Amino acid sequence: MTQPPWRRERREQFPGVPAWSLATSRLAPEEFGVSRLEEVTREWAWGDDGTGPADGAGVRVCVLDTGVDASHPLVGGLERSLVVAEDGDGLTVVDCDPADPVGHGTACAGLIRSIAPAVSLTSVRVLTDGRSGSGAALLAGLRWAVEEGFDLVNLSLSTTRSQFLPELHELADRAYFRRCLLVAAAHNMPVLSFPWTFSSVISVASHDEPDPMTYYYNPAPPAEFYARGVKVRVAWRGGRQIRSTGNSFAAPHITGMCALALSRHRWMTPFQLKSVLYLAASNVVVSKGDAHVRA
């Protein structure tokens with residue numbers, strides 16, 4: 001009997017793609033057969049139901065990052081812009097100008113918008129100096145987002161500091177049971193970090209193909225899905241666009257697809273949404289052995 005993928009030795013890192021990723025242009029992902037849920041397809045998840053394809057309308061997404069430039073044409077505006085700040089008694093989340101001193105958060109927001117054009121986006125700057133931030137700031141921003149009841153939270157960041165692990169794990173579980181799904185990017189280096197390694201989140205690494213709607217299921221987590229993350233054209237500060245590589249840019253693709261599915265099927269829980277992502281993945285096959293047609 002062939003050893004299951006989750007029992008195998010982990011592959012060496014592929015040159016040219018971030019850690020935990022798969023160079024799918026060089027090594028084809030495994031196919032996985034669907035049994036009793038084969039009626040769940042991409043068409044069912046976000047295709048045209050007679051009124052047009054899903055567009056993310058009615059879904060609220062929070063982007064925890066470096067801030068977002070709401071004026072960038074690829075972002076298309078924000079519902080709200082906030083920052084984690086000191087208030088004398090600790091950290092609090094307060095409104096701020098919709099700006100991004102770096103560009104990373106703007107890039108993530110623009111990618112989500114490109115997949116789900118009608119989604120509602122809110123920015124929370126947790127990388128307090130624009131490039132780095134404390135674990136406490138990450139916890140404060142995430143706690144606020146969970147309590148505010150967002151449908152999805154995009155986390156294209158992580159922490160390697162184990163002292164924040166218990167509280168971050170508790171917050172991720174609270175989000176899961178409050179139907180607030182965290183979509184977290186894997187670290188770009190082969191190191192242990194959080195929260196992308198938690199089972200209660202959707203964890204995303206990169207593949208190296210150009211199609212924004214092509215993504216793959218990975219049967220050997222911690223990274224559960226591969227999405228476009230290599231040489232991606234993204235929004236950047238100053239109204240510019242650049243090409244950049246990183247798992248940070250793979251995660252917003254999955255966040256956008258989750259927004260599409262939720263706008264079509266508002267009743268879905270995080271468990272159900274993760275299952276739909278699996279069933280609609282490009283390397284998951286229906287009973288006749290045919291792979292899903294790529295969007």
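Arg-60 lies over the face of Phe-150, 4.2 Å from the ring centre (NZ of Lys or CZ of Arg within 6 Å of the ring centre and within 35 degrees of the ring normal). The model is predicted, with local features needing pLDDT of at least 70 and side-chain atom pairs pLDDT 80 or more, while totals for chains, interfaces and linings use all residues. Residues are numbered from 1 along each chain as its sequence is written, and side-chain values use heavy atoms, without hydrogens and water.

**Aromatic pairs**
- The whole structure holds eight aromatic pairs (ring centres of Phe, Tyr and Trp, its six-membered ring, within 6.5 Å; planes under 30 degrees apart are stacked, over 60 edge-to-face, the rest tilted).
- Trp-144 and Phe-150 have ring centres 5.7 Å apart and planes at 45°, so this pair is tilted.
- Both Trp-144 and Phe-150 are buried (buried is under 20% relative accessible area, exposed over 50%, partly exposed in between, with a 1.4 Å probe and protein chains only).
- Phe-194 and Phe-198 are stacked, at 5.9 Å centre to centre and 25° between the planes.
- Phe-194 is buried at 7% relative accessibility, and Phe-198 at 5%.

**Helix H4**
- H4 covers residues 165-177 (helices are DSSP runs of H or I, at least four residues; strands are E, at least two; numbering is from the N terminus).
- Leu-168, Leu-171, Ala-172 and Ala-175 of H4 are buried.
- The buried residues of H4 fall within an arc of 100° seen down the axis, so they line one face (directions run from the helix axis to the C-beta atoms).
- Pro-166 and Phe-177, on the other side of H4, are exposed.

Conventions
Expected span 1.5 Å × (residues − 1).
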